[in-house]
Amino acid sequence: MKNKIINFLDLGNQPLANSYIKNKNINKKERKYRLIICFNKRNKLVSIKNTFSSKDMFDDQYPYRSSTSKTMSFHLKKLARDIKKLRPEKILEIGSNDGCFIKNFDKKKTIGVEPCSNVERITNKKGYNTYSEYWSPKLAKKILKKHKKVNLIFSSNTISHIENLDEVFKAINIILDEKGIFIIEDPSLLECLKKNTYDQFYNEHIYVFSYLSLNKALKKHNLEIFKIEELKIHGGSNRYFIKKIKNNIKLHKSIKFHKNKEEKYGLKNLKTYVDFAKRVKNSKKKLLSIFRNCKKNNKKIVGYGATAKSVTVLNYCNINNSMIDYFIDTTLDKQNKYTPGTKIPIKGYSDLINDKVDYVFLGAWNFKKEIFNKEKKYLKNGGKFIVHTPYPKIISK
Ligand code: TYD
């Protein structure tokens with residue numbers, strides 16, 4: 001197939017999303033790349049064009065902590081409860097972060113893999129068996145030397161961060177028991193297109209998977225998806241249950257249902273992506289006009305949740321410190337730093353409480369429910385939020 005990889009969206013020059021800037025480096029030149037999104041007509045994968053090595057992105061300075069959100073902690077706790085019912089002898093988690101998932105299990109039953117050593121240390125210190133290494137066939141063999149094959153492998157918001165999917169699935173085949181189950185959770189491409197959440201794309205999110213593309217990539221390695229659960233988390237994610245093809249578990253009815261849904265929406269057709277790109281361009285115009293209007297009227301705007309995702313929005317729309325006074329974020333490692341590219345100061349939560357602001361731009365839109373719940377008083381007192389998804393608008397009570 002000629003020209004099988006087609007670029008359909010250009011989100012401009014972007015810094016690395018999780019590279020929050022320290023005060024002493026504020027005038028230093030940042031590393032930038034062109035964020036272009038493409039569609040592979042042959043294998044249906046949607047990915048970013050210019051990628052970085054895992055070592056460049058996931059190091060000992062990684063700021064993200066799964067446990068900072070109650071929604072995420074509760075979500076993983078609930079899944080752990082369901083998994084316990086399957087009575088797995090050994091559970092392996094790829095991308096175990098600060099232990100938000102594995103902490104729900106007996107220490108002897110889990111193996112964590114987390115290459116960001118600053119985060120990995122958190123679980124290791126608590127006595128969890130965690131490897132501070134990148135997921136690879138070599139690591140899978142190393143683990144196999146010490147442990148038996150595992151019955152259950154879980155990975156949340158991590159597989160889409162790894163460019164070489166062949167190596168990922170080769171490694172899975174090494175360590176997964178013949179009757180074992182591999183569960184992946186990742187943002188859903190269908191939901192991303194429906195909700196215009198173009199900020200699901202940044203340097204760490206190399207892929208945004210659909211069932212169609214992920215299953216194709218798995219089948220090359222004699223693995224297949226046998227059940228899908230649609231989740232609300234992160235603006236709409238899918239939980240894919242995967243098995244070895246040889247394992248004769250029946251395909252669940254959710255497979256046919258989801259496959260039809262994706263095909264009907266047009267995830268196999270380039271036109272769907274070209275249309276999405278048009279909506280994204282309009283979204284930028286609309287968001288900018290909201291910000292400009294607010295500033296024309298001398299309104300004070302702050303940001304809520306200095307997410308990696310919002311780095312894409314801010315840099316694509318050229319929204320900087322002249323529009324947003326500061327961001328607040330509960331993650332200690334982000335506080336007293338600046339947002340990548342747009343250099344907006346990041347403060348702690350208490351700064352917002354003690355301040356009088358007119359508008360709050362919701363960077364952590366994926367935790368809207370949790371945040372609106374927490375900020376009832378702000379809304380009740382006339383406070384307003386600015387959101388960009390599903391389309392830019394102002395929300396008030
Ligand atoms: P998240 O959207 O999970 O990730 P990403 O960085 O991958 O886009 O990050 C949520 C961020 O929002 C995280 O830095 C913590 C912050 N946050 C708050 O500051 N307050 C809150 O109440 C919540 C829910 C999140």
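Student: Which kind of contact do the side chains of Arg34 and Asp10 make?

Tutor: Bear in mind that this is a predicted model. For such a pair one looks at the distance from nitrogen to carboxyl oxygen, which has to be within 4 Å for a salt bridge. Here the side chains of Arg34 and Asp10 meet in a salt bridge, at 2.9 Å from N to O. Because Arg34 belongs to strand E3 (residues 32-40) and Asp10 to strand E1 (residues 5-15), the pair ties together parts that are 24 residues apart in sequence. Arg34 is partly exposed, with a relative accessible area of 37%, and Asp10 is partly exposed as well, at 38%.

Student: Which residue forms a salt bridge with Glu178, and how far apart are the closest N and O atoms?

Tutor: The partner of Glu178 is Lys244, and their closest N and O atoms are 3.1 Å apart. With a relative accessible area of 36%, Glu178 is partly exposed, whereas Lys244, at 5%, is buried.

Student: Are Glu224 and Lys243 buried or exposed?

Tutor: Glu224 is buried, and so is Lys243. Their side chains meet in a salt bridge of 2.8 Å, N to O, and since Glu224 lies in strand E10 (residues 223-231) and Lys243 in strand E11, the pair ties together parts that are 19 residues apart in sequence. Salt bridges can also share partners, and in this way Lys149, Glu178, Lys244 and Lys246 are joined into one network.

Student: How many salt bridges does the count come to?

Tutor: The count comes to 22 salt bridges.

Student: Let us turn to the rings. What is the geometry of the aromatic pair formed by Phe8 and Tyr273?

Tutor: One reads such a pair from the distance between ring centres together with the angle between the planes, and planes over 60 degrees apart count as edge-to-face. Phe8 and Tyr273 form a tilted pair, 5.2 Å centre to centre with 45° between the planes. As Phe8 lies in strand E1 and Tyr273 in helix H9, the pair ties together parts that are 265 residues apart in sequence. Phe8 counts as buried at 10% relative accessibility, and Tyr273 is buried with a relative accessible area of 0%. An edge-to-face case is the pair of Phe101 and Phe105, which is 5.2 Å centre to centre with 65° between the planes. Over the whole structure, the search finds 13 aromatic pairs, and Phe8, Phe39 and Tyr273 form one aromatic cluster.

Student: Where does the charged end of Lys227 sit?

Tutor: The charged end of Lys227 sits over the ring of Phe241, 4.9 Å from its centre. Lys284, for its part, lies over the face of Tyr316, at 4.6 Å from the ring centre.

Student: Which residues touch the most other members of the largest nonpolar core?

Tutor: That core has 91 residues, of which Trp135, Phe169 and Phe361 touch the most other members. Helix H9 (residues 270-296) supplies the largest share of this core, nine residues. Leaving aside residues up to four places away in sequence, Phe169 touches several residues, including Ile159, Phe182, Ile184 and Leu214. A second, separate core of 19 residues includes Leu76, Ala80, Phe105 and Ile233.

Terms used. Residues numbered from 1 in each chain as written. Predicted model: local features only at pLDDT ≥ 70, side-chain atom pairs only at ≥ 80, totals over all residues. Heavy atoms only, no water. Core = buried A, V, L, I, M, F, W, Y, C linked by side-chain atoms within 4.5 Å. Buried < 20%, exposed > 50% of the residue type's maximum accessible area, 1.4 Å probe, protein only. Helix = DSSP H or I, 4+ residues; strand = E, 2+ residues; numbered from the N terminus. Contact = heavy atoms within 4.5 Å. Phe/Tyr/Trp six-rings, centres within 6.5 Å; stacked < 30°, edge-to-face > 60°. Lys NZ or Arg CZ within 6 Å of the ring centre and 35° of its normal.
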